[in-house]
Amino acid sequence: VHIYFNGLYWGIYHLRERWNAAMLAEYFPGSEEDYEGINANNTGSNFLDGIVTDGTGIHWNRAKSLVRGPQPFRRAVRHIDYNSIIDFMLLWLSGNSESEFRSAGSVPMDVPFKFFMKDADGFLRSPGHSVTHRGPIDFMERMRAENSSDYRMLLADRIHKHFFNDGALTPARNIDRLRTRVNEIRFAFYAESARWGYRSPSDWQSYQNNLYSNHFRNLTQTMISRFRSAGMYPSLAAPSFAQHGGTVSPGDELVINAPGGQIYYTTDGSDPRQPGGLLSPTAILYDGPVTLENTAMVRSRVRNGNTWSAMNEALFALDSSKLVVSEIMYDPLPPTPSERAAGFNNGED
């Protein structure tokens with residue numbers, strides 16, 4: 001949006017939601033009063049513990065206590081959304097962003113604290129943070145100190161999800177996202193440039209070209225190498241699918257490859273690896289192409305002795321071209337007694 005103050009043009013601003021209690025209450029169960037919101041500002045080399053801006057802070061303080069106490073991976077799971085904070089750190093580490101974050105959550109509503117990057121401009125700079133940074137509320141440091149094999153596996157899985165197989169932090173996805181944003185403001189930028197004189201249109205274009213041709217072309221592999229060197233991503237290669245998800249027909253066959261070790265997979269969405277590193281009873285040893293008869297989430301890992309690779313996963317969906325939405329239930333029935341007993345008190349659930 002263009003902003004004017006009393007008729008004076010002030011430039012282009014990004015209008016977005018605030019990452020706070022009110023926002024999470026729009027997306028998750030409960031009301032704004034059920035949530036706590038946290039702001040943390042830049043401190044240079046470390047993250048602050050955060051300032052409580054919504055709610056009492058009781059659950060946030062408990063979350064910090066659990067993370068910094070014994071066995072944090074097992075004990076803090078209801079308070080901290082592990083996927084969210086790891087994804088936050090992977091993004092933050094991939095740039096040279098300022099040490100700011102926002103967080104919000106509601107333990108009573110079973111919505112663990114989620115994490116959001118406040119100053120994302122640094123993602124367009126070369127990585128400048130140590131991949132062994134302690135992270136918000138010392139989360140990464142405390143998890144490393146505990147050295148849980150299940151945490152190490154979760155961390156490897158999130159890296160694989162985002163940095164491989166057209167994940168969110170692969171070159172093409174980064175470039176496409178940037179092109180989308182640039183195209184949204186290309187003409188509006190003339191006004192911004194004239195107002196502030198920070199970049200001319202030609203200088204702005206040169207900056208983009210460097211990001212397209214150099215920065216994003218190399219960033220993904222640079223980060224994978226850094227993660228491997230720090231022991232955050234296993235040297236045992238994850239399996240790959242000949243077709244990584246998408247539409248299939250009944251009877252289509254899926255080929256899974258890996259350079260070494262035994263490949264295990266599931267088609268019911270479960271993890272071939274059990275907590276603690278044991279082989280899951282649902283895991284199937286791969287010995288040839290997998291026949292797909294139904295829509296399936298295929299998850300696969302390589303096992304070599306007691307060592308597991310990161311998980312490769314993809315959704316294979318039967319051709320739905322003949323699927324028709326014929327009616328929408330605009331007025332669902334009230335919850336049944338058994339549904340209420342299970343915690344579903346709203347017919348919309």
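Modeller: Helices and strands here are DSSP runs, numbered from the N terminus. Keep in mind that we're looking at a predicted model.

Colleague: Okay, then which strand is the place of Thr247?

Modeller: Thr247 sits within residues 246-248. Apart from residues up to four places away in sequence, Thr247 touches Ala317, Leu318 and Asp319. The run that holds Thr247 is strand S8.

Colleague: And is Thr247 buried or exposed?

Modeller: The relative accessible area of Thr247 is 54%. The cut-off for that class is over 50%, so Thr247 counts as exposed.

Colleague: Let's move to helix H2. How wide is the arc that holds its buried residues, seen down the axis?

Modeller: H2 covers residues 58-67, and its buried residues are Trp60, Ala63, Lys64, Leu66 and Val67. Seen down the axis of H2, they line one face of the helix, because they fall within an arc of 165 degrees.

Colleague: What covers the buried residues of H2?

Modeller: Both strands and helices take part. The strands include S3 (36-40), S4 (51-54), S5 (101-106) and S6 (111-117). The helices include H3 (72-75) and H5 (139-146).

Colleague: Now for charges: how far apart are N and O in the salt bridge of Arg158 and Asp87?

Modeller: Side chains of opposite charge can pair when their charged atoms come close. Arg158 is buried at 14% relative accessible area, while Asp87 is partly exposed at 22%. Their side chains meet in a salt bridge with an N to O distance of 2.7 Å.

Colleague: Asp150 and Arg273 form a salt bridge too. How many residues apart in sequence are the parts that this pair ties together?

Modeller: The closest N and O atoms of Asp150 and Arg273 are 2.9 Å apart. Asp150 lies in helix H6, and Arg273 lies in the loop between strand S11 (262-266) and strand S12 (284-285). So the pair ties together parts whose separation in sequence is 123 residues.

Colleague: Last one: in which helix are Glu184 and Arg181?

Modeller: Glu184 forms a salt bridge with Arg181, with the closest N and O atoms 3.3 Å apart. The two are separated by about one helical turn, because they are three residues apart in helix H7.

Definitions and conventions:
Residues are numbered from 1 along each chain as its sequence is written. This is a predicted model: local features need pLDDT of at least 70, side-chain atom pairs count only at pLDDT 80 or more; totals for chains, interfaces and linings use all residues. Side-chain values use heavy atoms; hydrogens and water are left out. Helices (H or I, at least four residues) and strands (E, at least two) are DSSP runs, numbered from the N terminus. Buried means under 20% relative accessible area, exposed over 50%, partly exposed in between (1.4 Å probe, protein chains only). Contact means heavy atoms within 4.5 Å. The arc is that of the directions from the helix axis to the C-beta atoms. A salt bridge is a side-chain nitrogen of Lys or Arg within 4 Å of a carboxyl oxygen of Asp or Glu.
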